[in-house]
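Please keep the sequence and the structure open while reading.

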Amino acid sequence: MLFVRRFVLFVLLLLLAAGRGQAAEIEQIFAGAAPESVADLKTMQKRVQRITKNAIEATVAVQVGNAHGSGVVVSKDGYVLTAGHVVGRPNLDVLFTFADGSTARGITLGRISGQDLGVIRDSGLLKITDKGDWVTAELGDSSKLRPGQWCLATGHPNGYMSGRRPVVRVGRILVANSMLIATDCTLVGGDSGGPLFDMDGKIIGIHSRIGEELNQNMHVPVNRFRRNWEQLAHPNRKRPFLGVRGGLSKIGADLAEVHEGSPAERAGLQVGDIIIEFNGVTIPSFGKLAELVRGAKPNDVVTLHVLRGGETDPAKAIELQLKIGGK
Amino acid sequence: MIRKRPHLLWLLASMVLLLGAVALPAHAQKNAHERNHASVKAAFRDVVAQTHKSVVIVYSDGNPIAMGAIVRKDGHILTKGSELHGDLECLLYDSRRLPAKLVGYQKKNDLALLKIDAQNLLPVTWAKKDTPVGSWLTTPGLTKDPLAIGVASVKPRTIRPQSGVLGIQFDPLEIGSRIDAVFPGSGAQKAGLRVNDIIREANGKAIENIVREVEGREVHSRVSLKEIIGGYQPGERVHLVIERGQQELRVTATLGWLSSLMQSDSHANMDITLGGPLSERRAGFEKVLQHDTILRPRDCGGPIVNLDGETVGINIARAGRTSSFAIPASVVQAVLPDLLSGKLPPPDGFLEE
């Protein structure tokens, strides 16, 4: 009897261990490993089916004029992420169609789009203006994505079709950096603006464009929406700027261009200057300077420490006052 | 939403740049991370261990053109009808290659029934339950590894039929059915139709020139040809009798898609130009289960199975960059008795080229 009890206990422990092992394993698979058995596939399938329901219900078809795209509702008050090229310009009428075929009205807000130094920017924001209780999806974190990680795409390929709910695709991340996610979740026209989810059902990207190959499906990383939220949500509000273009210095923010008539020129900044301090904050690179300017308000007056004429000693930096511009 | 062609080209051009900068250094690694990599497919081996024995490759005049699903152990095989022409054979998983006879065809779902002379084959096991969206779906081939994998994308739905296009133009000011233009890439061009050919017959019906009076003026039209062809879908064949100089020729042309003949900026056009080839017959189905498996047109016609190895449908079309279609098991099972009993014989001349 004791033996049996011990045996049962042993089996139970074994089962528990196996269960734990499996849970850890499935997280490993979602994080980028390949499944190895039908049991793994069934566990993946269960998860995909679980996150699919909310993913589909939060995905909307978007119509702006004659243009059709997709989007995803991210807040109870009706903010909808989409691609920049779906937005067009601010304050246009938008018709949203939900998975069940019901519709709501809204407007376009801001977009960040265009090409700059080979990088394509394509984020856009919409808002549902009708009253309603919207199903939303949660924003994830796109900074920690890795090649091989599993993901799920929804959207309206070829535009909204009555009787067809948002279309699900499952794939893996092939490239991920701060500007771009590429996956093998196949996309086509009409998917633009639709969401890419991780296996927790959180949004990690927004569909943007495709290449000729079936594994060239590009998404805007969701962190770009977070970072530019103010600009997207308030397209008419003036944005802070200096009027300079940065170089590649490793000791601060060096200036490759100072635009004529800009706040930077008025403050006396010159091409070749290296900004090493902004209101007491050390500037290690141009990226940091850009971040601090984005956080400032037009007409703020800031103090800069600048190395000029090849000077490298921070003690010999000159001090300038600069009034942040607005555009 | 990307609509304008120049805009699209611009995007593509800039994307090549991006890819060059971002993806290429990781190229060797990238393949290993794809969903369709062999390491992922290997996990599906147990799923197809039995079902690959129920699959055949259908050959047409010596070329592989479709897959097929064994539905009776006496050698009855379902496949995609519109791909069939000429002399048919089936290649089995055990390497036997046997002549096949077309014994039935249902146009509504493009399902054809073949018969080979064989015994004790392993028929597919039909799934009894519906397939939830997000389910893994496996397309078995003849080997121990699956041919392709994907997931169910949408609940089954009806796909409306489209009208097929021959790809010729008549002179609107002229009486009669003389061809005035042949569109490049059209079924008409592939069938060898030429400008100045006169079409006399289509599918056994004479083409008549119809003269109507509209507001006191005579208006000529070739309505009867349009009526005959309009009843057929892209991917279906029409048999024409044409007059070329002193000769009378018989020609078979496959109807195509209007969208593929036009430099249009439509979404349908993106589907055609970006991604692999599509099945010609990819519309007009009573019900399809859409999935995201990447198939070639010749990979259609065979079974698609769930993780329990049960057949949930018959792959019927590569439909677009993001989609493949399968006829659900319930629809196939409803039509199968009529195909087996001879109630749905193939139309005369169905396999003619």
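## Basis of the report

A salt bridge here is a side-chain nitrogen of Lys or Arg within 4 Å of a carboxyl oxygen of Asp or Glu. This is a predicted model, in which local features need pLDDT of at least 70 and side-chain atom pairs count only at pLDDT 80 or more, while totals for chains, interfaces and linings use all residues; side-chain values use heavy atoms, leaving out hydrogens and water. Residues are numbered from 1 along each chain as its sequence is written, with chains lettered from A and ligands numbered from 1 in the order in which they are written.

## Salt bridge and polar contacts

The interface of chain A and chain B holds one salt bridge by this rule. In that salt bridge the side chains of K42(A) and D308(B) meet at 2.7 Å, N to O.

Across the interface of chain A and chain B there are also 17 residue pairs in polar contact, both residues at pLDDT 80 or more. A polar contact is a pair of N or O atoms within 3.5 Å; within protein, one must be able to donate a hydrogen and the other to accept it, and residues adjacent in sequence count only if both atoms are side-chain atoms.

The largest share of the side of chain A that touches chain B comes from α2(A), with nine residues.

## Extent of the interface

The size of an interface is often given as the accessible area lost when the parts come together. Chain A and chain B bury about 4600 Å² between them, and carbon and sulfur atoms give 66% of this. Buried area is the accessible area (1.4 Å probe) lost by two parts on being put together, summed over both. L41(A), I210(A) and L214(A) supply 12% of the area that chain A buries against chain B, more than any other three residues.

Chain A brings 63 residues to the contact and chain B brings 51 residues, where contact means heavy atoms within 4.5 Å.

## Chain B and one of its sheets

Chain B has nine helices and 21 strands; helices (H or I, at least four residues) and strands (E, at least two) are DSSP runs, numbered from the N terminus. Of its 353 residues, 54% are buried, meaning under 20% relative accessible area (1.4 Å probe, protein chains only).

In chain B, four strands form an open antiparallel sheet in the order β13-β12-β16-β17. Its edge strands, β13 (205-206) and β17 (247-254) of chain B, each pair on one side only. Strands pair if DSSP finds at least two bridges between them. Antiparallel strands β12 (residues 198-202) and β16 (residues 237-244) of chain B are joined by four bridges, and I198(B) lies opposite E243(B) in β16(B).

Notes. Buried means under 20% relative accessible area, exposed over 50%, partly exposed in between (1.4 Å probe, protein chains only).
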